Amino acid sequence: MEIRLSDHFTYTRLVRFTMPGVIMMIFTSVYGVVDGIFVSDFVGKTPFATVNLIMPFLMMFGALGFMVGTGGSALVSKTMG
């Protein structure tokens, strides 16, 4: 079943519509945790601390990219619609 933005949204449809984004964020978070575990186990404590210092900046860049991508797709949708 296809979900369109012009359809009437019930709670079930809203959850189905937002689920891919939620799943993507869960996998991104799990990736960060697993990456930290491997860096800590195989390289040591100092590189692990370095990764933890750099990761917030990488997340900010990622959030900026998500914002630009979402805004860009909204502008394309508005122009095409």
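A: Let us begin with accessibility: buried means under 20% relative accessible area, exposed over 50%, and partly exposed in between (1.4 Å probe, protein chains only). Alanine 49, at 38% relative accessibility, counts as partly exposed. The model is predicted: local features need pLDDT of at least 70 and side-chain atom pairs count only at pLDDT 80 or more, while totals for chains, interfaces and linings use all residues. Residues are numbered from 1 along each chain as its sequence is written, and side-chain values use heavy atoms, with hydrogens and water left out.

Q: In which helix is alanine 49 placed?

A: Helices (H or I, at least four residues) and strands (E, at least two) are DSSP runs, numbered from the N terminus. Alanine 49 belongs to helix 2, residues 45-80. The protein has two helices and zero strands.

Q: Is the protein a compact globule or more spread out?

A: One compares the radius of gyration, taken over C-alpha atoms, with the globule rule, 2.2 Å times the number of residues to the power 0.38. Here the radius of gyration is 18 Å, well over the 12 Å that the rule gives for 81 residues, so the protein is more spread out than a compact globule. Along the principal axes, the C-alpha atoms fill a box of roughly 50 × 30 × 15 Å. Of the 81 residues, 5% count as buried.

Q: How far apart in space are alanine 49 and proline 20?

A: Separation along the chain and separation in space are read as two values. Alanine 49 and proline 20 are 29 residues apart in sequence, and their C-alpha atoms are 31 Å apart. Leucine 58, also found in helix 2, is 23 residues along the chain from aspartate 35, with 14 Å between the C-alpha atoms. Leucine 58 counts as partly exposed, at 46% relative accessibility.

Q: How many aromatic pairs does the structure hold?

A: Rings of Phe, Tyr and Trp (its six-membered ring) pair if their centres lie within 6.5 Å; planes under 30 degrees apart count as stacked, over 60 as edge-to-face and the rest as tilted. The structure holds one aromatic pair. Phenylalanine 38 and phenylalanine 42 form this stacked pair, at 5.7 Å centre to centre with 10° between the planes. Both lie in helix 1 (residues 11-42), four residues apart, about one turn of the helix.

Q: Is phenylalanine 42 buried or exposed?

A: Phenylalanine 42 counts as exposed, at 66% relative accessibility, whereas phenylalanine 38 is partly exposed, at 47%.
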